[in-house]
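Here is a chain to look at, with some questions about the words used to describe it. Each answer sets a value against a cut-off.

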Amino acid sequence: MTSGYIPAKGEPGPDEILEALREASSDNPRLTEMPPEEVARQLVLGGHLQQEPSPALVADMLDALEAEEGGFDVDELSE
């Protein structure tokens, strides 16, 4: 499920990013529609993280967040 990316020392890890995404997406639901690079910037600008995370890791955590929230409807898949 993850890219296998290992964060550099001091860079936010997967759990920290996922928690920041949960907080940020409750403030701004459109965040999950943005490219991972922009989401990474917004997490820092919004004060959710102190250091900008890897866009690859942000993309993985966005996928995890979407799966966690049941981001798709089964009825939509059958149409």
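Buried means under 20% relative accessible area, exposed means over 50%, and partly exposed lies in between (1.4 Å probe, protein chains only). This is a predicted model, where local features need pLDDT of at least 70, side-chain atom pairs count only at pLDDT 80 or more, and totals for chains, interfaces and linings use all residues. Residues are numbered from 1 along each chain as its sequence is written, and side-chain values use heavy atoms, without hydrogens and water.

Q: What share of the chain is buried?
A: Buried residues are 29% of the 79 residues in the chain.

Q: Why is Gln-50 called exposed?
A: Its relative accessible area is 84%. The cut-off for exposed is over 50%. Gln-50 is therefore exposed. Gln-50 sits in the loop between α2 and α3. Its C-alpha atom is 8.8 Å from that of Glu-11, 39 residues away along the chain.

Q: What makes Glu-52 partly exposed?
A: Glu-52 has 39% relative accessibility, so it counts as partly exposed. Glu-52 also belongs to the loop between α2 and α3.

Q: Which residues does Glu-52 touch, leaving out those up to four places away in sequence?
A: Glu-52 touches Glu-11, Glu-37, Ala-40, Arg-41 and Val-44. Contact means heavy atoms within 4.5 Å.

Q: Why is Glu-66 called partly exposed?
A: The relative accessible area of Glu-66 is 42%, so the term is partly exposed. Glu-66 lies in helix α3. Thr-32 is 34 residues from Glu-66 in sequence, and their C-alpha atoms are 8.4 Å apart.

Q: How many helices and strands does the chain have?
A: It has four helices and zero strands. Both are DSSP runs, numbered from the N terminus: helices are H or I with at least four residues, strands are E with at least two. The order from the N terminus is α-α-α-α.

Q: Why are α1 and α3 called oblique?
A: Their axes cross at roughly 60° and come within 9 Å. Axes are lines fitted to C-alpha atoms, for helices over the stretch in contact, and angles run from 0 to 180 degrees between N-to-C directions. Under 35 degrees is roughly parallel, over 145 roughly antiparallel, 65 to 115 roughly perpendicular, and the rest oblique. So α1 and α3 are oblique to each other.

Q: Which residues of α1 and α3 make the contact?
A: From α1 come Pro-14, Ile-17, Leu-18, Leu-21, Arg-22 and Ser-25. From α3 come Leu-57, Val-58, Met-61, Leu-62, Ala-64, Leu-65 and Glu-68. By class, that gives ten nonpolar, one polar and two charged residues. Here Ala, Val, Leu, Ile, Met, Phe, Trp, Tyr, Cys and Pro are nonpolar, Asp, Glu, Lys and Arg are charged, and the others, Gly among them, are polar.

Q: What makes α2 and α3 roughly perpendicular?
A: They pack at an angle of about 95°, with axes 8 Å apart. The range for roughly perpendicular is 65 to 115 degrees. The two helices are therefore roughly perpendicular.

Q: Which residues of α2 and α3 are in contact?
A: Pro-36, Glu-37, Val-39 and Ala-40 of α2 meet Pro-55, Val-58, Ala-59 and Leu-62 of α3. The contact has seven nonpolar, no polar and one charged residues.
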